[in-house]
Amino acid sequence: MFLLNQNRELDLCLKELNKNGIIVYPTDTVYGIGGDATNTEVSSRINRIKKREENQPLIFLMNSIEMVNQYVNDMSDLAINELESKVPTTVIFNNVITEKLNGSSSLAVRIPNNQFCKNLITEFGKPLSSTSANTHGGEIPFSYESIEDEIINNVNHIVKYKFPKKVKPSRIVEIKGDSIKIVRS
């Protein structure tokens with residue numbers, strides 16, 4: 001449930017994203033902090049805000065299998081099934097299109113089940129980077145009130161949203177060919 005108008009929030013987020021800003025927004029699991037996933041400087045700033053190493057990889061939230069295909073080579077049926085799972089699942093790929101990812105050899109992707117998040121990605125036209133909106137080791141925020149001041153004071157916009165229920169962070173799996181490894185259940 002949005003505490004402000006959903007369309008207004010979408011416009012405010014897009015305005016900041018198009019200026020390489022950083023936003024806090026609802027995902028299908030928790031409040032996420034993110035920005036343009038294809039911009040390495042944005043990713044570095046997010047990691048600095050979270051007090052993590054600047055080159056630590058972030059999850060790419062995408063709106064569809066078609067968008068994932070722009071970044072991953074030869075996606076298996078197993079990977080597609082995991083990405084389309086009802087359980088929020090992040091899939092780590094090692095068969096990525098490296099020139100699209102500044103030479104990175106792997107990529108963590110999730111297609112969120114949150115409609116606002118999907119709409120934001122669709123309107124932005126690029127993947128959103130995502131990580132929980134807390135400092136490294138801090139409490140994961142499930143409400144606006146639980147977002148740390150360190151985060152609030154260093155982002156360009158925060159979507160005020162009330163999650164219908166407390167959920168846990170996404171399941172993470174790594175797929176290599178036809179095999180799957182559970183990284184976090």
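Predicted model: local features only at pLDDT ≥ 70, side-chain atom pairs only at ≥ 80, totals over all residues.

Q: In which sense do β8 and β9 pair, and over how many bridges?

A: Strands are DSSP runs (E, at least two residues), numbered from the N terminus, and two of them pair if DSSP finds at least two bridges between them. Here β8 and β9 (residues 179-184) are antiparallel, with 5 bridges. The hairpin they form has 2 residues between the strands, and Gly177 in the turn has a positive phi of about 65°.

Q: Which way do β4 and β8 run, parallel or antiparallel?

A: Strand β4 (residues 89-93) and strand β8 (residues 171-176) run parallel and are joined by 5 bridges; Val91, for instance, stands opposite Val173 in β8.

Q: How many disulfides are there?

A: A disulfide is a covalent bond between the sulfur atoms of two cysteines. With the cut-off that the two sulfur atoms lie within 2.5 Å, the count is 0. Cys13 is in no disulfide, as its nearest cysteine sulfur, that of Cys117, is 9.5 Å away, and Cys117 is likewise in none, with the sulfur of Cys13 as its nearest.

Q: Is Cys13 buried or exposed?

A: Cys13 counts as buried because its relative accessibility is 0%, where buried means under 20% relative accessible area, exposed over 50% and partly exposed in between (1.4 Å probe, protein chains only). Cys117 also counts as buried, at 0% relative accessibility.

Note on methods. Residues numbered from 1 in each chain as written. Heavy atoms only, no water. Helix = DSSP H or I, 4+ residues; strand = E, 2+ residues; numbered from the N terminus.
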